[in-house]
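I opened the notebook to work through this structure step by step. My entries are below.

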Amino acid sequence: MSQFALEISDLKKTYDSDVVALKGINLSVKEGDFLALLGPNGAGKSSTIGIIASLVTKTAGKVKIFDIDTDKNFPEAKRMLGVVSQEINFNNFEKVMDIVTTQAGFYGIPLKDAKLKTEITLKRLGLWDKRNEQARTLSGGFKRRLMIAKALIHEPKLLILDEPTAGVDIELRREMWDFLKEINANGTTIILTTHYLEEAEQLCKNIAIIDHGELIESTSMKDLLSRLDVQSFLLDIEKSLEEPPSISDYDITLEDSTTLNVAIKKDQSMNHLFDQLSNQGIKVSSMRNESNRLEEMFIEMVQKNLP
Amino acid sequence: MKRRNEILVSLITLIRKEIKRYLRIWVQTLVPPAVTMSLYFVIFGSLIGPRIGTMDGLDYIQFMIPGLIMMSVITNSYANVVSSFYSVKFQKSIEELLISPMPNWAILLGFVMGGVSRGVIIGCIVFCVSLFFYPSFTIVNPLLTLTVLFLTTILFSLMGFINAIFADSFDDISIIPTFVLTPLIYLGGVFYSINILPDIWRNISMANPMLYVVNTFREGMLGVSDVSIPFALSMIVFFIILLGSLCLYLLHKGTGIRQ
């Protein structure tokens, strides 16, 4: 068995409208990985996922799922794959239980086993109490959970989630994060696309960035973040100031009278900054990033790639 | 063997889902043909029929029964598949099938079997309704009757499937039933024998495929027909093979379902 859950080589897609969505992407995802597939709107993420899931027909290239060439044995490859689409894709008039049980049936799981698996999956995702409700009566968050339940019912080894937390409140989002971490820890390889970069930073080990149909980065999250030259921090101070303190080599501005905005270069020490502030009688009560680190890096990379 | 069993389970799942779908909305799917056909039997059979007299040597209401059953069977098997498949496209729940390992032929067969089962149930309902108006009705050739019934439901389910593949809106799924199927059925010998038509119209009628379906079914039920039965049966089978192959080709290409 290959050590790769997914191997994409020279993947190209041109739509009938002559829009070139993918210009030859190469990407490998190791078994057990939790990969963030990022990119601005229209970058080619959904086309890539669509091709892997057989919802989009590729123009050229190869896709292998756990070493199975999708051109040669797509049914076998599909058995390894679970996909949570961006848009709701179930019959809203069916009951939750029926939707998941039917999906299991499409994977060849006999009805008796399908019902048992559905019960386990729905309980795991907190949907068991809703099993007899029509899907249309569910809230947005529960519909998202139902999408995940459907994708997991055949216990795929590779799970692809296309913006699974879009429009989901923060509490539910964090619950979903815990759930995804858990299934990844249990061995499921996960590929996640999201516009919440904080989410990608929190969850993912590796990152791939697509822009204008090309893969512009594929590396570990740690490596990418380490390339950030300057990070901005907001420091809340106890006493108000009229002017920002002057500390050599540090670029400090006042956000308001009790908040300092400090730009820290890669080679600068936070300890040194705190010592200097302390020497000037300034006590810091709390600190936070001005913006998400990955977000800064992402914007930087995408802007560099502008045509 | 394992793969074969998995495909069988997935096929049964899809057929079960399709049957549950139209049974869940039975007021919209099973009741209307019974009501409409009752009205046909009352008006054309009991009220106007006696004034018409006989058709091909049979009571008019008796002559009409196979035609009306076929009319309901054709429209319902077609409507079932076209509306169901277009709905799954519209709701994007087609992705559930496309993402799964189900082969294209099993997807096609699942939808077609949904249409066949609804067509057969409707055929039985209309036949039962007809017995209220003509209790002494007996089927001359049950084997031919059932064969034509199944073949017809398969043929029109396949047509519905093709319509749904190309449909981009709900308007598109009603155009062909309204402007093509219904006129052809009405002019296809449901209410009359083409022997009563002038030569020119009789010859034109021979080009109507519905005429063959209706008359073969009438041959099975009553033993009378305006067309050659072996020719009609072979044409039905030929078109089933042709349309079935076309459906598989379209599914393979992803027409209307894959980008």
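In which helix does Val214(B) lie? I looked it up: Val214(B) belongs to helix α11 of chain B, residues 209-222. Helices here are DSSP runs of H or I with at least four residues, strands are runs of E with at least two, and both are numbered from the N terminus.

Before going on, I noted the ground rules. The model is predicted, so I kept its limits in view: local features need pLDDT of at least 70, side-chain atom pairs count only at pLDDT 80 or more, and totals for chains, interfaces and linings use all residues. Residues are numbered from 1 along each chain as its sequence is written, while chains are lettered from A and ligands numbered from 1 in the order in which they are written.

**Entry: confidence**

I checked the scores. The model has ipTM 0.86 and pTM 0.84. For chain B the mean pLDDT is 91, and 100% of its residues reach 70 or more. pLDDT is the predictor's confidence in each residue, from 0 to 100.

**Entry: Val214(B)**

Is Val214(B) buried or exposed? Val214(B) counts as buried because it has 29 C-beta neighbours inside 10 Å. The cut-offs: a residue is buried with 20 or more other C-beta atoms within 10 Å of its own, exposed with 12 or fewer, and partly exposed in between, with C-beta atoms placed from the backbone.

I then listed what Val214(B) touches. Leaving out residues up to four places away in sequence, the list is Gly67(B), Met70(B), Gly188(B), Gly189(B) and Val190(B). Contact means that the C-beta atoms of two residues, placed from the backbone, lie within 7 Å. I also compared Val214(B) with Ile65(B): they are 149 residues apart in sequence and 10 Å apart in space, C-alpha to C-alpha.

**Entry: chain A overall**

I turned to chain A. I found ten helices and 14 strands. Its C-alpha atoms fill a box of roughly 70 × 45 × 40 Å along the principal axes. Of its 307 residues, 39% count as buried. Among contacts in chain A with a separation of 6 or more, 68% join residues 24 or more positions apart.

Chain A has domain 1 (4-225) and domain 2 (229-304). The bounds come from an automatic or database domain assignment. The two domain centres, taken over C-alpha atoms, are 38 Å apart.

**Entry: the four-strand sheet**

I traced an open sheet of four strands in chain A, in the order β2-β1-β4-β5, with antiparallel pairing. Strands pair if DSSP finds at least two bridges between them. β2 (20-30) and β5 (68-69) of chain A are at the edges; each has a single partner strand, so one side of each lacks a neighbour in the sheet. β4(A), residues 60-65, pairs with β5(A) over two bridges. In β5(A), Asp69(A) is the bridge partner of Lys64(A).

**Entry: the six-strand sheet**

Next I followed an open sheet of six strands in chain A, β6-β7-β8-β3-β9-β10, with mixed pairing. Which strands stand at its edges? They are β6 (81-84) and β10 (214-220) of chain A, each with a single partner strand. The twist averages 15 degrees from one strand to the next. Axes are lines fitted to C-alpha atoms, for helices over the stretch in contact, and angles run from 0 to 180 degrees between N-to-C directions.

β6(A) and β7(A), residues 158-162, run parallel and are joined by four bridges. Val84(A) stands opposite Leu161(A) in β7(A). Helix α5(A), residues 140-152, lies across both strands, at about 170 degrees to β6(A).

**Entry: β11 to β13**

I looked at β13(A), residues 259-265. Seven bridges join it to β11(A), residues 230-237, in the antiparallel sense. There Asp236(A) stands opposite Thr259(A). β12(A), residues 251-256, is also antiparallel to β13(A), with five bridges. Thr253(A) stands opposite Asn261(A). β12(A) and β13(A) form a hairpin with two residues between them.

**Entry: where the chains meet**

How many residues of chain A are in contact with chain B? I got 24, in contact with 22 residues of chain B. On the chain A side, α2 (74-79) and α3 (96-106) each give two or more residues. α3(A) gives the largest share, four residues.
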